Amino acid sequence: MVLKRNDDIKVNAVLFYIKQNKTMKNFQQPITENLIESLRKQFKGTVIKPNDTSYDEVRKIYNAMIDKRPGAIAMCTDVNDVKVAVDFGRNNKLLVAIRGGGHNGGGLGLCDGGLVIDLSGLKSISVNTKSNTVKVGGGCVWNEVDTATQEHGLAIPSGMVSSTGVGGLTLGGGVGYLARKYGLTIDNLMGAEMVLANGSIVTANKNKNPDLFWAIRGGGGNFGVVTEFTFQAHKVNTVYGGPTLWPIEQVEEIMEWFDGYIRTATDDINGFIATMIIPESPFPEHLHNKKYCGIVWCYVGDMTKAEEAFSPILAKKPLFAHIGEMPYTAIQTMFDGLLPTGMQWYWRADFFNSLNADIRAQHLKFGSAIPTPLSQMHLYPITGAASRVGATDTPWAYRDAEYCGVYIGVDPDPKNADKITKWCKGYYEALHPYSAGGAYSNFMMDEGQERVQASYKQNYSRLASIKHQYDPTNFFRVNQNIIPKS
Ligand code: FAD
């Protein structure tokens with residue numbers, strides 16, 4: 001193509017604009033030795049830098065596919081360390097990432113070249129047994145919280161793998177076994193202590209900074225560093241549940257049945273539906289390495305009525321059922337061993353309003369083509385208590401969706417990274433046209449602004465204006481980023 005002079009000018013202007021914006025987006029000062037020394041003087045915790053022997057170990061996160069190299073990692077010991085680190089990052093114009101449990105699929109707890117504010121030293125947990133409320137340090141992971149709350153027969157709704165961080169999971173929403181009975185994790189968040197971008201330490205709850213409190217119930221780490229969460233806990237001790245499996249060829253039939261069943265079931269019962277390969281342990285040998293449609297159940301009602309509650313499920317004649325009474329911590333840790341840290345991890349997600357025949361047919365197609373033994377697909381029902389919160393009461397916009405779906409590619413071998421990525425993208429592309437339009441932000445990779453906006457839908461503009469109020473320069477931008485807008 002021959003460009004005319006006017007076209008030439010336009011093209012050059014566009015290229016210049018792209019270059020400028022790229023530069024502005026990536027603008028950050030390098031972290032020099034002198035700067036690190038000045039941080040160390042004010043900071044109680046350890047500051048790790050690239051030539052320290054522990055650097056490669058400390059910079060690791062859950063997803064081994066992510067290999068970012070921060071300029072420094074500030075291992076905070078308390079809220080004052082967090083404040084020092086935030087002030088240091090801001091005053092020196094550094095790119096800053098906040099790391100809680102380090103489980104984010106897209107690696108948003110780390111950054112290249114900048115400062116990582118690591119919260120893993122903020123581990124306090126205190127349970128108030130009069131009010132059944134729990135204060136949790138911003139760097140805890142869920143198994144630490146579950147262990148502390150279960151001592152008192154209490155539980156906070158969280159997720160399904162207990163090594164996940166409280167920080168990221170909560171700030172994004174929190175979908176777990178107790179969601180139908182007690183709502184999402186954010187529905188049980190009562191308040192937070194936070195360090196804002198300007199370094200101030202504030203409380204956010206329904207009385208103090210209520211707009212900030214609204215924003216952190218789904219808006220992620222965009223608004224500040226949460227150094228302490230306060231949760232409402234519930235009496236949950238023994239649960240009844242476990243997996244049921246059917247051959248993958250039955251996935252369409254089981255999905256159709258499950259869809260009808262769960263819409264009318266009591267809130268006491270929850271289950272997520274999956275396509276998966278059965279690993280060698282702890283399942284019986286005859287099941288190994290075949291593809292299945294599975295449902296993992298968790299019932300939290302009256303234990304004397306549990307068997308009755310499961311009779312319509314067992315009437316579907318699963319090939320394998322391993323259900324029964326167990327401590328809450330047992331179901332919370334059931335998949336921890338299968339999904340240890342350090343695997344290749346890639347996922348894509350969407351919300352769905354139905355499981356119609358076209359959708360079910362795609363699950364059969366992609367469920368039959370799972371690429372590696374640990375790769376899987378999950379559909380979590382957004383019904384019961386989670387669906388009774390208004391769509392604008394929190395930023396979590398898809399309260400009216402029926403399912404939160406996620407295609408998860410997992411493998412220990414980096415050589416299989418492309419294979420699992422391709423399968424997830426293919427699954428996503430085939431089903432996205434049938435989706436509700438956006439995804440749960442905690443199940444997204446780093447997928448760009450359009451997807452972030454789709455994830456918050458009608459709530460995005462309010463989030464953008466609260467972001468403008470609390471973080472007008474977008475200091476906290478290593479996240480599913482909400483761009484400040486007045
Ligand atoms: P990090 O990587 O440390 O942080 C993630 C994001 O949150 C970053 O942007 C970070 O800046 C921000 N952040 C973290 N802590 C704070 C804080 N204290 N203050 C401010 N910002 C903070 N999600 C569910 O809802 N239900 C599940 O059942 C579930 N299961 C999962 C299982 C596995 C194996 C994995 C890997 C993830 C799972 N998730 C689940 C998704 C999980 O919620 C997200 O990956 C979440 O981002 C993890 O939080 P983190 O603190 O561990 O991550």
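Biologist: In which strand is the place of Thr133?

Modeller: Strands (E, at least two residues) and helices (H or I, at least four) are DSSP runs, numbered from the N terminus. Thr133 sits in strand E6, residues 133–137. This is a predicted model, in which local features need pLDDT of at least 70 and side-chain atom pairs count only at pLDDT 80 or more, while totals for chains, interfaces and linings use all residues. Residues are numbered from 1 along each chain as its sequence is written, and side-chain values use heavy atoms, with hydrogens and water left out.

Biologist: Is Thr133 buried or exposed, and what does its side chain make a polar contact with?

Modeller: Buried means under 20% relative accessible area, exposed means over 50%, and partly exposed lies in between, with a 1.4 Å probe and protein chains only. Thr133 has 16% relative accessibility and therefore counts as buried. A polar contact is a pair of N or O atoms within 3.5 Å; within protein, one must be able to donate a hydrogen and the other to accept it, and residues adjacent in sequence count only if both atoms are side-chain atoms. The side chains of Thr133 and Ser131 form such a pair at 2.6 Å. Contact in general means heavy atoms within 4.5 Å.

Biologist: How is the burial of a helix read, and which residues of H12 are buried?

Modeller: One takes the arc of the directions from the helix axis to the C-beta atoms. In H12, residues 357–367, the buried residues are Ile359, Arg360, Gln362, His363, Phe366 and Gly367. They fall within an arc of 155° seen down the axis, so they line one face of H12. That buried set packs against H9, E13, E14, E17, strand E18 (376–381) and helix H13 (417–431).

Biologist: Which residues of H10 are buried, and which exposed residues are on the face turned away?

Modeller: In H10, residues 306–314, Ala306, Ala309, Phe310 and Ile313 are buried. Their arc around the axis is only 85°, which means they are on the same side of H10. Glu307 and Glu308 are exposed, on the face turned away from that buried side. The cover over the buried residues of H10 includes strand E12 (238–247), helix H9 (251–264), strand E13 (269–277) and strand E14 (291–299).

Biologist: Which residues come nearest to the ligand, and which polar backbone atoms lie by its oxygen atoms?

Modeller: A residue is near a molecule if one of its heavy atoms lies within 4 Å of it. There are 34 residues around the ligand, and Gly100, Gly102, Met160, Val175 and Tyr440 come nearest. Ligand oxygen atoms are 2.9 Å from a polar backbone atom of Gly101, 3.0 Å from a backbone N or O atom of His103 and 3.1 Å from one of Asn104. The protein covers 97% of the 940 Å² of accessible area that the ligand has on its own; such areas come from the Shrake-Rupley method with a 1.4 Å probe, and for residues only the protein chains shown count as cover.

Biologist: Which elements give two or more residues to the shell?

Modeller: They are strand E3 (96–99), helix H6 (166–172), strand E10 (225–232) and strand E17 (344–352). H6 gives the largest share, four residues.
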